[in-house]
Amino acid sequence: MSIPRFGVGTFRLQGQVVVDSVRNALELGYRAVDTAQIYGNEAEVGQAMADSGVAREELFVTTKIWTDNYSQAKLVPSLKHSLKKLRSDYVDLTLIHWPAPGNGVELQEFMTALAEAKAQGLTRQIGISNFNIELTRQAIAAVGAGEIATNQIELSPYLQSHQLTAFLQEQGIAVTSYMTLAYGKVLKDPVLAEIASKHQATVAQVALAWALQLGYAVIPSSTKRENLASNLLAQQLVLDAEDMARIAQLERNGREVNPEGLAPIWD
């Protein structure tokens, strides 16, 4: 199993905005696209991919199952509906979007249904999102070691989640970082600005390079073509040990996304 290190996110992007963002990203060389049922933009993502002229087998498409569709009866049909919107016979990766404890559907049930979607060829790989250590253990127990491709979690220089990321890496589960720029808050950080100046880079590139150097995949989004192009260059930026040590000091448990009823108790 492999997860692309760099993709384009589509959270909060709607209508023509998401069509343009994904089209621009694909023109610039992105080949991984991240969406979700709850984003309400799978059809627009599908349109952008279809219009791009890029062959489907060159793309890596991720979607996420929303909590309403976790039951055994609903998960596979909901993914088939997503595939119609995405204009594809399969997705490369399907995630459970939130653990949603108390949702009324047990983890065993939705993980088993997700494994069934893979068995049917609807998704090449399966994974989880926003799971803590204990729930990740339960997910592994439900579908088997080596079956979970990634845990997509909020990570930024302000929220580094050392325990969880170390556990995932021990288990051979790829870490995908979302909200790597903390809704833009890190862009105003003076330490990151100093590091950016030293490397003649942008602060966004520094934050993304930090995540990449820790072995994480990233999926930043932007509505601006120049920012999409700039973000890609983070892959060429090499931070030194001093830079990484300074960024490590920025940890402040700065979680931006923690919806009640959906989120677990964090490690």
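**Entry 1: helix α8**

I began with what covers the buried residues of α8: the cover includes α7 (190-199), β8 (217-218), α9 (225-232) and α10 (241-248). I take buried as under 20% relative accessible area, exposed as over 50%, and partly exposed as in between (1.4 Å probe, protein chains only). Helices (H or I, at least four residues) and strands (E, at least two) are DSSP runs, numbered from the N terminus.

The model is predicted: local features need pLDDT of at least 70, side-chain atom pairs count only at pLDDT 80 or more, and totals for chains, interfaces and linings use all residues. Residues are numbered from 1 along each chain as its sequence is written, and side-chain values use heavy atoms, with hydrogens and water left out.

I then went through α8 (residues 203-213) itself. Ten of its eleven residues are buried, so the helix is largely enclosed by the rest of the structure. Among the buried ones I listed Val203, Gln205, Leu208, Trp210 and Leu212. Glycine 215 follows α8, and its phi is positive, near 95°.

**Entry 2: salt bridges**

I searched the whole structure and got 13 salt bridges. The criterion is a side-chain nitrogen of Lys or Arg within 4 Å of a carboxyl oxygen of Asp or Glu.

I looked up glutamate 147 and lysine 118: they form a salt bridge, with the closest N and O atoms 2.9 Å apart. Glutamate 147 lies in the loop between α5 (133-143) and β6 (148-154), and lysine 118 in helix α4 (residues 107-119), so the pair ties together parts that are 29 residues apart in sequence. Glutamate 147 counts as partly exposed at 25% relative accessibility. Lysine 118 is partly exposed, with a relative accessible area of 25%.

Next I took arginine 252 and aspartate 189, whose side chains meet in a salt bridge (3.9 Å, N to O). Arginine 252 lies in the segment after α10 and aspartate 189 in the loop between β7 (174-178) and α7, so this pair ties together parts that are 63 residues apart in sequence. Arginine 252 is exposed, with a relative accessible area of 52%. Aspartate 189 is buried, with a relative accessible area of 4%.

I also checked glutamate 242, which forms a salt bridge with lysine 198, the closest N and O atoms being 3.9 Å apart. Glutamate 242 is in helix α10 and lysine 198 in helix α7, so the pair ties together parts that are 44 residues apart in sequence. Lysine 198 counts as partly exposed, at 43% relative accessibility.

I noted a network too: salt bridges link Asp20, Arg23, Glu27 and Arg225.

**Entry 3: the sheet**

I traced the strand order. Eight strands form an open sheet, β1-β2-β3-β4-β5-β6-β7-β8, and the pairing is parallel. The edge strands, β1 (8-9) and β8, each pair on one side only. Two strands pair if DSSP finds at least two bridges between them. β1 and β2 (residues 32-34) pair in the parallel sense over two bridges. Glycine 9 stands opposite aspartate 34 in β2.

**Entry 4: whole chain**

I counted ten helices and eight strands in the chain. Of the 267 residues, 57% count as buried. I put the C-alpha atoms in a box along the principal axes; they fill roughly 55 × 40 × 30 Å.

Technical notes
Contact = heavy atoms within 4.5 Å.
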